[in-house]
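Thanks for coming. I'll take a few minutes on charged side chains and how they pair up.

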Amino acid sequence: MDSMTDRSKEIWEERWHPLREEWIIVAAHRQGRPWIGASVTAEETALAAHDPTCYLCPGNVRVSGVANPAYRGIHVFDNDHPCVGADAPAYLEPPPVPYAAQRADGIARVICYTPRHDLTLARMNVPDVTSVVDTWRRETRDAGSRPGVKQVLIFENKGAVVGVSNPHPHAQLYATNFTWKTFDTELDAQRRYAREQKRSLFADIIAAEEKDGRRVLYADEHVIAFVPYFARYAYEVYVAPRRRLALATDLSDAECESLARALKDVTVRYDNLWRQPFPYVMPLHQAPTDGGDYRDYHLFVGFLPPLRRPNTLKYLAGPEIGGGNFLSDTAPESTAAELRALSTVHYRDERPSARLRTSTPA
């Protein structure tokens, strides 16, 4: 009876994900279940400011034989191991019906955030993070204007547990001759909502989050960051401009700076959560660049962290891979409360005698 009483206090329900148009099962009582499976170790390894073996550090030679310049800011170059590119085979043997194949054409680039091998977004200063956002804006414009490019995907993978082989802070860009499934789904959902409700879906999401307030991590005149009501991952966060715009190229300078402040705020909170480097996948959600009408699409940055506890991954298993719907072991309100309670001063930058500060939106 006691366990049933305790369980009744936890969130146990299905929540509609309006951008993906699917149900998320929130079963927060499962977070504390017995676990004797695999665990991961914290990645608190001291890194040098320059690593002579790192193929992303200034002056070092990459596998292609090309030497990186002695760059002092952001460095962008074509990926030496592209998934799409001009060297992809031009002729493909047609497969039998019902199959189809097309050339893996496009552009793949690497965006080094800083020459410092030992930094992350959380440890960079706001002007330097602003330069990162401005680079997203510039690279989207450049790659998206190329003939045959339909969409530009920019993302950062951070942490060994998401498959990162090099800790040097960097993002990747794929400009492809196709559009990406996640963004297609979001575009369809936002178009349908605008047609049926006569309102912007993402604007209504922002309004609902601000009205509730419990899940908001950062807010200023231009940008808001929040753990969404329909979060799939335990510490998932959306960072979005308030103004509806479809592409990074549409960001104003003021929005770039606000976005940078929000990104730093969120990533510092992440690291402070367990006082260790926090892994994530961070895609920039934006519309296609093929000149179509995408007025209903709302750009945002998504953080998808794989950890649900300090040493425990959120594994994608039967419900997610087999059934196609997420099962979340945590309540978004609870994980947002954890993040909101944290200092926005990185734990490695705290004064030894300083007490932990709390900085959350009003």
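Is Arg 15 buried or exposed? Arg 15 is buried, at a relative accessible area of 4%, where buried means under 20% relative accessible area, exposed over 50%, and partly exposed in between (1.4 Å probe, protein chains only).

A word on the source. This is a predicted model, in which local features need pLDDT of at least 70, side-chain atom pairs count only at pLDDT 80 or more, and totals for chains, interfaces and linings use all residues. Residues are numbered from 1 along each chain as its sequence is written, and side-chain values use heavy atoms, with hydrogens and water left out.

Now the partner. Arg 15 makes a salt bridge with Glu 333 at 3.0 Å, N to O; the term means a side-chain nitrogen of Lys or Arg within 4 Å of a carboxyl oxygen of Asp or Glu. Arg 15 sits in strand 1 (residues 12–17) and Glu 333 in helix 7 (residues 332–340), 318 residues apart. Helices (H or I, at least four residues) and strands (E, at least two) are DSSP runs, numbered from the N terminus. Glu 333 is also buried, at 10%.

Next, Glu 320 and Lys 314: their closest N and O atoms are 2.8 Å apart, and both residues are buried. Salt bridges with shared partners also join Glu 13, Arg 15, Glu 209, Asp 212, Arg 214, Arg 215 and Glu 333 into one network.

Last, Asp 80 and Arg 62 form a salt bridge at 2.7 Å, N to O. Asp 80 is partly exposed, at 25% relative accessible area, while Arg 62 is buried at 9%. The structure holds 30 salt bridges.
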